Amino acid sequence: MSETAIIGADRAVSLQYTLSGSDGTVIESGQIDYLHGYQNIIPGLESALDGAAVGQNLQVEVPPELGYGERMEVEPQRVPREAFPADMEITPGMQFHARGPAGEALPVWVIGVEEGIVLIDPNHPLAGETLHFDVTILSVRPATPEEVQHGHIHGPDGHGHH
Ligand code: ZN
């Protein structure tokens with residue numbers, strides 16, 4: 001096996017995954033294509049994949065602090081519906097960015113919609129969860145210089161445009 005088939009920094013990785021919660025319930029499954037070493041995926045999964053080879057199957061357990069963070073005990077914020085674009089359908093699970101104290105963008109999630117009011121929460125829906133990943137490595141290739149410069153991949157062959 002060539003050395004480029006091993007996951008490490010500046011490798012474009014394609015993998016198949018199934019994500020389950022602590023109780024074994026499948027949360028989601030699918031394929032991820034990402035550039036390794038740029039925090040494009042959660043830290044606990046990225047570090048576990050370091051050194052893995054094409055074709056390898058891994059079971060990875062990720063604690064909240066290396067996943068989507070601990071759950072903050074905060075009251076949901078009640079935001080008037082008019083604060084959102086009128087033609088946009090607002091549904092639970094949607095993510096937006098709110099302005100923080102220093103003008104920084106803070107991710108928030110919609111957890112409910114009431115009459116004229118949208119309930120938002122700063123917790124990622126999977127915050128506080130220990131995540132269980134079943135991962136199979138589909139392909140690993142060296143990233144192009146452009147991809148390394150951007151910190152993300154440009155499609156399966158490295159030549160996609162965006
Ligand atoms: Zn780019």
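First, the ground rules. The model is predicted, so local features need pLDDT of at least 70 and side-chain atom pairs count only at pLDDT 80 or more, while totals for chains, interfaces and linings use all residues. Residues are numbered from 1 along each chain as its sequence is written, and side-chain values use heavy atoms, with hydrogens and water left out.

Now the whole chain. The protein chain has two helices and eight strands; helices (H or I, at least four residues) and strands (E, at least two) are DSSP runs, numbered from the N terminus. Along the sequence, the pattern reads β-β-α-β-β-β-β-β-β-α. The C-alpha atoms fill a box of roughly 60 × 40 × 30 Å, taken along the principal axes.

Next, burial. Of the 162 residues in the protein chain, 38% count as buried. Buried means under 20% relative accessible area, exposed means over 50%, and partly exposed is in between, with a 1.4 Å probe and protein chains only.

Then contacts, meaning heavy atoms within 4.5 Å. Taking the contacts in the protein chain with a separation of 6 or more, 58% are between residues 24 or more positions apart.

Let me turn to single residues. Where is F133? F133 lies in strand β8, which covers residues 131-142. F133 counts as buried because its relative accessibility is 5%. Leaving aside neighbours within four places in sequence, F133 is in contact with Y17, T18, L19, I42, L45, L58, Q59, V60 and V62. F133 and G67 are 66 residues apart in sequence, and their C-alpha atoms are 11 Å apart in space.

The other two residues are histidines. H150 is in helix α2, and H154 is in the segment after α2 (145-150). Is each one buried or partly exposed? H150 has 38% relative accessibility, so H150 counts as partly exposed. H154 has 4%, so H154 counts as buried.

The side chains of H150 and H154 are joined by a polar contact of 3.1 Å. A polar contact is a pair of N or O atoms within 3.5 Å; within protein, one must be able to donate a hydrogen and the other to accept it, and residues adjacent in sequence count only if both atoms are side-chain atoms.

Leaving aside neighbours within four places in sequence, H154 is in contact with E146, E147, H159, G160 and H162. H150 and L35 are 115 residues apart in sequence and 9.8 Å apart in space, C-alpha to C-alpha.
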